[in-house]
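Q: I am new to this structure and would like to learn how to read it. Can we go through it one feature at a time?

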Protein chains: 2
Amino acid sequence: MSKRRIFLEDIPLEEARAKLQAALESARKATPTPGEPVPLVEALGRVTAEPVRARLSSPHFHCAAMDGYAVSAAATVSARETQALSLRLGVDAFPVNTGDPLPEETNAVIMIENVNQGDESTILIYAAVAPWQHVRLMGEDMVSTETVLQINHQLRPVDLGALAGCGHQSVTARRQPRVQIIPTGSELVAAHERPKRGQLIEYNSLILSSQIREAGGEASATDIVGDDECELRRALTDGVASAPDLILILSGSSAGSHDFTAQAIDALGELLVHGIAVRPGHPVIIGMVSGVPVIGVPGYPVSAALTGELFIVPLIRQWLGMAPPEASNIEAVSTQKIASPLGDDDFVRVALAKIDGRLQATPLQRGAGVITSLVEADGLAHIPRFHEGVDRGGTLKVSLYQPLRLIEQTLLIMGSHDPMLDLLATHFRARFAGQRIVSVNVGSLGGLIALRRGEAHLAGCHLFHPESATYNVPYLQRYGPNEPVELVTFAHREQGLILPAGNPKGITSVADLRGARYINRQRGAGTRLLFDHLLAQHEITADEIAGYEHEEYTHLAVAAAVADGIGDCGMGLRGAAEALGLDFIGLVWERFDLAIPQRRLETDAVQALLEVLRGDAFKRELGAQSGYRSDETGQIVSK
Amino acid sequence: MSKRRIFLEDIPLEEARAKLQAALESARKATPTPGEPVPLVEALGRVTAEPVRARLSSPHFHCAAMDGYAVSAAATVSARETQALSLRLGVDAFPVNTGDPLPEETNAVIMIENVNQGDESTILIYAAVAPWQHVRLMGEDMVSTETVLQINHQLRPVDLGALAGCGHQSVTARRQPRVQIIPTGSELVAAHERPKRGQLIEYNSLILSSQIREAGGEASATDIVGDDECELRRALTDGVASAPDLILILSGSSAGSHDFTAQAIDALGELLVHGIAVRPGHPVIIGMVSGVPVIGVPGYPVSAALTGELFIVPLIRQWLGMAPPEASNIEAVSTQKIASPLGDDDFVRVALAKIDGRLQATPLQRGAGVITSLVEADGLAHIPRFHEGVDRGGTLKVSLYQPLRLIEQTLLIMGSHDPMLDLLATHFRARFAGQRIVSVNVGSLGGLIALRRGEAHLAGCHLFHPESATYNVPYLQRYGPNEPVELVTFAHREQGLILPAGNPKGITSVADLRGARYINRQRGAGTRLLFDHLLAQHEITADEIAGYEHEEYTHLAVAAAVADGIGDCGMGLRGAAEALGLDFIGLVWERFDLAIPQRRLETDAVQALLEVLRGDAFKRELGAQSGYRSDETGQIVSK
């Protein structure tokens, strides 16, 4: 066993930032990058490295500000409303269009609307005009030498126009900071390769290089470096030699036996920080090697992306002379209790929706390996160091990943998971730009409870009630909100046993499950209730089912667990089994309904949803899916 | 005189938008563009044309979620805190790092922190572990076939990571809408050419193509087309033949004798709209030619840029399946009365600042030819159709061009104009990222009044008081705010007569101005008061000065008017004369002070300003300017 050197010791976020700044300052790397000439046509989004002055005045001659006739004001003094003055075309009056230079000896423009035609060669005017009326004087917009743009200004379309208008063809913009990314890890393969068992796709370099580009920097990545300290040192030495502004070493920042980043920096330069008290993301490394800052980025993708947001993007912006990006910040009510370690700055990904006028935040899965939790997050709640977390109903400060307008236009469905809710969301989103449906999986019962608590706009459920042999209605009465609610059928769908391909254990019904390893769903899931009902029918107790306590949260997760041999059987949708090439024995066609409070039925968002749900396009596509029927889709259930 | 066909008739904005949509629908051009495969490394900011499902599960095998030892949970049941269990390395326990696949027959990971070394080949554990503890199960993040991204989703860094992580190398993204831009106007030259007298630089194509690129489209521009209807028709026909999504014809959209856009569209296709009741920007044209939408964009740059914001960017976004961009909207108090024509949607560029906790909007110059007014604008106030405008103190709805944070960090100086305030702003901005100084020119007296009204943080003034032979103090007492105010010296500067190069009229003092054409400054300007004082000294009355009523607003504007022969002489700063290569006869060294209410002296922003003002770097650069002295810069004036 190789000796493990554990440097890791978390320090507070602000202390880590201060150490980095101090090191940058002593290496004279804290100031913005110098300027370089950039043609205007390529300068959108670049940042000025110096104030820009007008080279030419604009306009650079007196010109007509209106379509009409240029005249000498002095020649018009005798014109009266009651006594038209005749001006000779080409002698006293000259037709001009907006932007035309004033002819010699003229100093005013009469608008075309205020003129009548005299004979062929004259016009008639009815009022004297003041000198310089309807004339754009030279320099009206910009006078040569005037400051047009300030230093450290990010160039927008109108800025480019103004620069071109005052005689510039290029602009001195800050050089884009260059970042060299070194991905490490013997278990990793590049994104264009097909991973074998034991190999993972390296995509953190794609996330980080995209963040860097978005912030205005340039990024390039080396090939993946294996878990070998010599190889890493060589890559780091090569990286430093190419004189980038920053080097990132991806993974290897923790204290595992293959984590060499800290040692390599320590050997070649100075290790400033190993471990920052932020969650997720704590094993961040900061060092300096030959005057180049080096950041060791944790390997978990959520940690890597947040390290990008917290450290790397602000650094790129600093080198561009700009303040860190300011996300919009809002306050939202937490729908759950969130525990947070006292010593850490804790960043919690949340889904947001506005329900009954109240912005609500629901924490998403917290595992740092779950990149989809960041993809799905509408914002990031920050629970500062020395705070224990928030209670359900407490206030969270959230920096937004999505525009507030979109969040306010979000229809939130909580409850049971059905993959076809994604299909509904697709049809909805394709039809209504700037609006969306989001479904959060908390199980059928959880959905009804969320509806009662005012935490969802609607709930999805498929709860079988054996006593009445009906779906959903009795549960809605017992667990649903204390107000009139309609049930609208979403789909009928086929539930059954999900089995390994070829069904090696020869399972044909629930009766065969004694002794088999079963994969269950979580408490409150409609599928679990259905399974319990089927067990009761077969007079089997939960104790007799090995794995009854193994809980998965979605149909696909059950199927995946079966596919990977964790269990011999699970219960779920035909579609989930077929998606992963598994066997399936159908047992039940069940009804999946959407519970919608009556007072929401007439809202624009719910009307839009019903329009999509009842539309031919959606019903046709839903009905064509294996294990689904859409003949009652969109119908209101009579209770 | 050529016959002028005037189509122009303004219709309301919403009606124009509806006509465009109806025409797009009947041409089947209202729906989003189709998808095309885009490699992930080039896909940042692109928009999905279909939902994206996982191709591989992630992780696609069970792997360690922690650094430690992989074990079989069943083999650990006898471990107790008081009774260590010894596990044989390589037999019962296998060292694993985060991400490593679980070795065969293991189903849990024990964290390295919870293990002690036994002898060389064993470890000791002190607690049993549950199956799947610290294991990332296959598909924990994404299960193959699961929907990872929705349709019409603009790709962010984390989205690209997720796509790579579930086996994608490319994504089906909407084709970028293609826009063909045809700039027209015989008076125009391309931005890379040097304009002669009568020629203007064509830069609207740069503004519009940049807006289009920023919105996610592609734009290309033809050479400039002269004012010739045949030539324009040919360019339009060629443009249609290249099958773009949209054609823009720049300028020629009004009703002047050289405006052929409407005729050309009418001849080759269908003219839908000519004239929209928006200000600025009303001569917008909309038509369809052979199924391609054509927009005629007004020639004034502010009108052109607003047409881009109001019509073109939303259209690009529609073709990308997205809602129009949502600017942040705020409410601000107007510092001036704004009159607005009843029939128009009126868009007013405003400067914004937060003063005494109140967001205040000051309208900027309203000429549609003044692109700098759009560059300087912090936002755009919308005064809807059927509203007459707002009174001073009334509320404006403003969509922001700058982040609210920057606006809140803006220190607003109103009052007299001095070009070196730009130098101060440069030093300030270079030192303090995310903060800025903005100076608005309202003249010295105007600044003191603005300070009294609470419309500025500080005021700049250089008001000579002949009776007391002092600067500023008596005026501050009379016009300034009713609270203690400090005067801090900004600079001493040289005022004098600005004369054409070579001084053809041989003017040597104010006494020579009788009979010369003078260029004056606006009422309330310190320079005008100084001139009045000098006239009185020479016993000259205003009546004797031709052009006394000709008002310019800045030193450079006075110099520009002299340079262009509008006048024979003006009064202003040495620097302004020298910038334009004019003669200058110095008359007075005057003191320019900043008036700062005492209660603001200790604010961070004013402290930052004083730090810059008193710093060596700024004082040295200021003092090196021709016509400036900085020896008292930053000193508090004793009253």
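A: Start with contact: two residues are in contact if their C-beta atoms, placed from the backbone, lie within 7 Å. Keep in mind that this is a predicted model.

Q: How many residues of chain B are in contact with chain A?
A: 96 residues of chain B are in contact with 96 residues of chain A. Among the elements that each supply at least two residues to this side of chain B are α3 (204–215), α6 (301–319) and α13 (555–563). The most comes from α2(B), with 8 residues. By class, this side of chain B has 49 nonpolar, 31 polar and 16 charged residues.

Q: How do I read a sheet, and in which order do its strands lie in chain B?
A: Strands of a sheet pair through backbone hydrogen bonds, either parallel or antiparallel. In chain B, 6 strands form an open sheet in the order β16-β13-β17-β21-β20-β18, with mixed pairing. β16 (218–221) and β18 (270–274) of chain B stand at the edges with a single partner strand each, so one side of each has no neighbour in the sheet. From one strand to the next, the twist averages 20°.

Q: What pairs with β13 (residues 178–183) of chain B in the parallel sense?
A: Its partner there is β16(B), over 4 bridges. B:Ile181, for one, has B:Ala221 in β16(B) as bridge partner.

Q: Which helices lie against the sheet strands?
A: Helix α4 (residues 229–241) of chain B packs on the sheet and touches β13, β17, β20 and β21 of chain B. Its direction makes about 170° with that of β13(B). α6(B) lies across β17 and β21 of chain B, at about 165° to β21(B).

Q: Is A:Pro474 buried, partly exposed or exposed?
A: A count of neighbours decides: 20 or more other C-beta atoms within 10 Å make a residue buried, and 12 or fewer make it exposed. A:Pro474 has 15, so it counts as partly exposed. A:Pro474 is found in helix α11 (residues 473–479) of chain A.

Key: Residues are numbered from 1 along each chain as its sequence is written. Chains are lettered from A and ligands numbered from 1 in the order in which they are written. This is a predicted model: local features need pLDDT of at least 70, side-chain atom pairs count only at pLDDT 80 or more; totals for chains, interfaces and linings use all residues. Ala, Val, Leu, Ile, Met, Phe, Trp, Tyr, Cys and Pro count as nonpolar, Asp, Glu, Lys and Arg as charged, and the others, Gly among them, as polar. Two strands pair if DSSP finds at least two bridges between them. Axes are lines fitted to C-alpha atoms, for helices over the stretch in contact, and angles run from 0 to 180 degrees between N-to-C directions.
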